[in-house]
Each structure stands twice: as structure tokens, then as C-alpha cells.
Amino acid sequence: MITSSPELVAISRRWYKAILESGQNTLPNFLSESDLLRFIGTASGENWSGQEVREAVSAYFNEVPDVLHNKELFAEAFERGDIGWSVFVHTVTFANRIDTPVEFRSTLVFSLENGSWKVVHRHTSVPIANQDIMGLDQTAITELVEAAHQGASLGQTEGLASVMFTDVVASSVLANTLGDQVWSARINTHFTTLKKIIEANGGQFVKSLGDGTMSSFSSARSALSAAGDIQRVLAEAVDEPRLSVRIGVHTGDVVQTREDFFGTVVNTAARIATAAGRGEIFVSDVTRELVGNDSSLQFQPKGSHDLSGQASPSILHALNWRS
């Protein structure tokens, strides 16, 4: 059974941090001691294997120019038995190219060796348009993905839903402090707690995303009830480390294909969650209007927000879950 792996997300982040923040001397510790170790880079000829990779990896990354800014755009990891893998996308601004951030797409494959995850395969690429390389655009995957987003897939359902995202605040600090095994156990317990709350309120726990979650509800009232319950349970927790989350809720038309959800409502809910702070629940204006004058729900206006990827500002409200 393939499962998401917060532990491998945390390990991968430390790998990239070591590369970009002058911690290259620690990189051999991440690598497998197997002769099957593989290392593939972005340039022609960067295809190495075996122990020479372990011996040369520090010197290889020491040649990287100074980094002025690093932004993580995408991160996920999975595991099955003693094999795991992670996929990351970063934009990096180098000191010698301050006007041109470079996008790096990287995959790490892990094997479990003597109880510790070790990188057995690393591959990084810098995207160059197929039109520039082959003289044509390859559109098959793009068209399939767009069709899925537009609902042109078998077994789909459509309709109005309230989508909720949760995100653990300062998770990278906690992961680095606790270590991979303790953090992985803690975040999985957190996911289990949230799943119970979400389902108790009539929602569907769709998936975990790194240290966050996505869920869907047939009614805005149910989504806000679950959000409030989550914040109250976390606030009353006594076991350390105590986790704090930010939550975002938005309502609109979604398309469900297999066990995932698509639509602009999903992206908007995720952006609303990022606008919230520690222990806050932010909801969109449409979600606020749907619940009407429910005396059990108290809101505080949060004004207009420019959410990433949105054409126009969004009016947000904070749910006062403590009332």
C-alpha cells in the first residue's frame, strides 16, 4: 500500500537546505552506500553511479553560486515498504543571476537501510520548453489534465461543495527539532485526529498534503463546524509538541474524479488557508453568505486580500471558533 510520507518530505527539505545554505559537507550522510546509487544532473554527461557520487557530492555542490532566494513551489513524498520517493519544485535566485530565478524540478528515491532512509537515486532538471528542444509542443498530458479539471473523465461527480484546507504552522521547525521518526509519528497522529473530526461532521477527508490536509463537505455549515472542532481540539491538547494550524474554507462547484477533487474552488480554498494565521479559520465571502445569520457562528471581517493566482481580490472573514 502506497502512503504519503511526511518523514520523507522532511528529509528531502533538509537535503535541499544543505545544498542551498552551504551545508554541503553533510550531503554524503544522506546517500546510500550501495553501488546502485545513481545521480543524474541537468547538464549533458551528469549521469554518475556508485561510491564516486558519495565521494564527490560535496565538491559538486560547493561549486553552486551563492543563493539569494529560494522558494519551494511544490513538495510531496510517498513510501511503500522499504522504498520511498519525493518530488520537489523550487525557484532559486543566484547571486550571479539576480534578474532570472531558475526553476529546479527534483526527484529523490529512497531505500530504507538499517532503519534509516537513504537516497539511492537523485534526478534534477531545469525545464526547457519542448518547442525549443524538438520544434514541437507535446500536449498529450496537458490535454488530459485539462480534461480532468474540466470534468471530462469517467466516474466523475459534480456539484457544490465546501472545501477545507488545514496547514500546520511552523512545521519545518518542529520537524527539524524532533527528528524524522518522531515528527512522522506525530503528524500521522494529527492526520488521524483531523480525519475523525472531519468525518464526524459529515465531511470527506480527501488527502494529506505534506503537513496539511484537504477535505470536502456537502454544506458550508458542516465545514465550519469541523473547522471549529479542529481548532478547539488542538487548543485543548496537553501532549507536546502541541500543533497549531491555519484553516481556509471556500465554497463552489467542484469536480470529483476517482478520489480527488478539481476546480477553482480547490485552489482558492488553499490560498485562503495561507492567508490565515496561527489558530485562525478564514472563510470566503460566499461561504460566509451561505450560512446566513446563524447565531452559533460569529465572524470578524478581514477585508480584501490579493490571493495568489486569483484575478481579483477576495473578501475574507475569520470565524470566531472560541465563542
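This report describes a sheet, a helix packed on it, a hairpin and a pocket in a predicted model.

## Basis of the description

The model is predicted, with local features needing pLDDT of at least 70 and side-chain atom pairs counting only at pLDDT 80 or more, while totals for chains, interfaces and linings use all residues. Residues are numbered from 1 along each chain as its sequence is written, and side-chain values use heavy atoms, leaving out hydrogens and water.

## The open sheet

An open sheet of mixed pairing is formed by 7 strands in the order β1-β4-β5-β6-β7-β2-β3. The edges are held by β1 (3–4) and β3 (47–49); each has a single partner strand, so one side of each has no neighbour in the sheet. Strands (E, at least two residues) and helices (H or I, at least four) are DSSP runs, numbered from the N terminus, and two strands pair if DSSP finds at least two bridges between them.

Strand β2 (residues 38–40) runs antiparallel to β3, and 3 bridges join the two. Within this pair, I40 has N47 of β3 as its bridge partner.

## Helix α2 on the sheet

Helix α2 (residues 51–62) packs on the sheet, where it touches β2, β3 and β7 (116–125), and its direction makes about 130° with that of β3. Contact means heavy atoms within 4.5 Å; axes are lines fitted to C-alpha atoms, for helices over the stretch in contact, and angles run from 0 to 180 degrees between N-to-C directions.

The residues V53, V57, S58 and F61 of α2 are buried (under 20% relative accessible area, with a 1.4 Å probe and protein chains only). They lie on the same side of α2 because they cover an arc of only 135° around the axis, taken from the directions from the helix axis to the C-beta atoms. Their cover includes α1 (6–20), β2, β3 and β7.

## The hairpin of β9 and β10

Strands β9 (residues 204–209) and β10 run antiparallel and are joined by 5 bridges. Q204 stands opposite S216 in β10. The hairpin has 2 residues between the strands, and G210 takes a positive phi near 65°.

Strand β10 (residues 212–217) is mostly covered, with 6 of its 6 residues buried. G212, M214 and S216 lie on one side, and T213, S215 and F217 on the other.

## The largest pocket

The largest pocket is lined by 40 residues, and E72, L73, F74, A75 and L209 lie nearest its centre. Among the elements that give two or more residues to the lining are α1, β9 and β10. The most is given by β4, with 8 residues.

A pocket is an open set of points on a 1 Å grid over the protein atoms alone, where a 1.4 Å probe fits, with protein on both sides within 12 Å along at least five of seven lines; lining residues have an atom within 4 Å of a point.

Conventions. Buried < 20%, exposed > 50% of the residue type's maximum accessible area, 1.4 Å probe, protein only.
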